[in-house]
Amino acid sequence: MSNQSEQKTVSQKMDELSELVAWFEGDEFELERALETYSKAEKLAAEIEQDLTGLKNEVTVLKEKFDA
Amino acid sequence: MASDQTPKFSVSDFIAALNQSLEYSFGTVEIEGEVASFKVNQGKWVFFDLKDATGSVNCFMSLFQLRVPIEDGMKVVVRATPKVTAWGKFSLTIQSIRPSGEGSLRKSFELLKAKLEKEGLFAPERKRSLPEIPDHIAVISSTSAAGYADFVKILNDRWGGLKVDVAHVQVQGESAPEQIIRAIAHFNEQEILPEVLVIIRGGGSADDLAAFNDEPLVRAIAASRIPTLVGVGHEVDVSLADMVADVRAATPSNAAQIIVPDRKEVIGMLGQLMRRILVRTEGIVDDYLRETNATLRQGLGVLDARVDLLQSQLVTSRQVMAAYDPRAVLSRGYAIIRGEVAKDSTITIEQQKRIITAEVKDVKSI
């Protein structure tokens, strides 16, 4: 995958995958492009799975005080 | 008769000295009692008596300090400074007041609920939906509270890659509402807003949770530009902060469940999605194959018919050709004569199985 894809968040990748699935199920489907699009979707799904398994949440407790 | 040691004051000085003594002796005190003769003057000043079975004291405060509805008969705890006024009247200058005891808390809750409901703050049409999978959320809670730890644990179990900014605040007690309001303002002033504002606190007594029924806090939640998710107390606890939030969570753990999906479920769903598009593609390829086969069959049918026609034409042509074949005539006993048919000339006579050379003796016309 490209660097651009690596910088995307999980939810952005999920959105992209949903769009690809919608393409398969929509009227714009073309058999000629199916293999390429399927490979893209498969790669994206693998990437999301890897992200979900490996990524940690970044929890930051703010330094700001709210008591005054 | 007063001795020379006896202090002498003017009235004003005496009142000032008295107030100084009061301030030195008590400073700020908390007093619990029942509210009587509650009234608001000029829309600015609040007066009431605080009493118990045998005593009563006048109380005064400004209206903006009144954060929860109060009415006669309610048991309250006031935080106040005792003072003697310029007219010699003893009173308590109230800094804060909060209902005390289940009955008063309930009463105050109901009064404020009715007021805010009338303003439409709890109306379903005001509710905004939360993003399906946020990338950036803000959390307002006490980082030392069990509810916060539960929230973070479940959040981490369920999802990854989320940016979580946490504002540590008091979640119970007198200063809690203001701290939470400041934290709400802080997140709402960010250049890039978090996608969800989560306000959480674990379980506690009605008194512990009373901060979440504070009117200015409820209004701050309602005014938040960021969609809000509030999870306070246990499932049975309902606060006005819950009611005004865009989404209510039963507990802090439930808030984490609402805010992000479970990664295991999502991974399972990814597999389903891929299977779905595979089945869809296979279905389309099958359709194409069926159509292609049908077209091919149709083409072959046309070709077969054409071949049959040509074959039939060939048979006819062959029959015609056979009819014109001279050998067929010879086989029936006829002969072909070649050469000049004149007296004394030589001719050849071809029969089916032999050729005869003959001399012409005579030629007669018939």
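Guide: What follows is a short talk about two chains and the place where they meet. This is a predicted model, in which local features need pLDDT of at least 70 and side-chain atom pairs count only at pLDDT 80 or more, while totals for chains, interfaces and linings use all residues. Residues are numbered from 1 along each chain as its sequence is written, chains are lettered from A and ligands numbered from 1 in the order in which they are written, and side-chain values use heavy atoms, with hydrogens and water left out.

Visitor: OK, what are the elements of chain A, in order from the N terminus?

Guide: They run α-α-α-β, which gives three helices and one strand; helices (H or I, at least four residues) and strands (E, at least two) are DSSP runs, numbered from the N terminus.

Visitor: And how much of chain A is buried?

Guide: Of the 68 residues in chain A, 37% are buried, where buried means under 20% relative accessible area, exposed means over 50%, and partly exposed lies in between (1.4 Å probe, protein chains only).

Visitor: How many residues are in contact between chain B and chain A?

Guide: On the side of chain B there are 37 residues, in contact with 32 residues of chain A, and contact here means heavy atoms within 4.5 Å. The area buried between the two chains is about 3,200 Å², and carbon and sulfur atoms give 66% of that; buried area is the accessible area (1.4 Å probe) that two parts lose on being put together, summed over both.

Visitor: Which side chains meet in a salt bridge?

Guide: The rule finds one salt bridge across the interface of chain B and chain A, and the side chains of Arg276(B) and Glu25(A) meet in a salt bridge at 2.7 Å, N to O. The term stands for a side-chain nitrogen of Lys or Arg within 4 Å of a carboxyl oxygen of Asp or Glu.

Visitor: Which elements of chain B touch chain A, then?

Guide: Those that give two or more residues are α3 (146–158), β7 (163–168), α4 (176–188) and α8 of chain B, and the largest share, 15 residues, comes from α8(B).

Visitor: Switching topic, what is on the surface around Leu296(B)?

Guide: Leu296(B), Leu300(B), Leu303(B) and Val307(B) form a nonpolar patch there, with about 370 Å² of accessible area together. Leu296(B) belongs to helix α8 (residues 263–323) of chain B, and Leu296(B) counts as exposed because its relative accessible area is 53%. Patches are made of residues with over 30% relative accessible area and no salt bridge, like charges being joined within 9 Å and nonpolar side chains (Val, Leu, Ile, Met, Phe, Trp, Tyr) within 5 Å, and accessible areas come from the Shrake-Rupley method with a 1.4 Å probe, where for residues only the protein chains shown count as cover.

Visitor: One last thing: what is the phi of Ser37(B)?

Guide: Phi of Ser37(B) is near 50 degrees, a positive value in a residue other than glycine. Most residues other than glycine have a negative phi. Ser37(B) sits in strand β1 (residues 29–41) of chain B and is partly exposed, at 45% relative accessible area.
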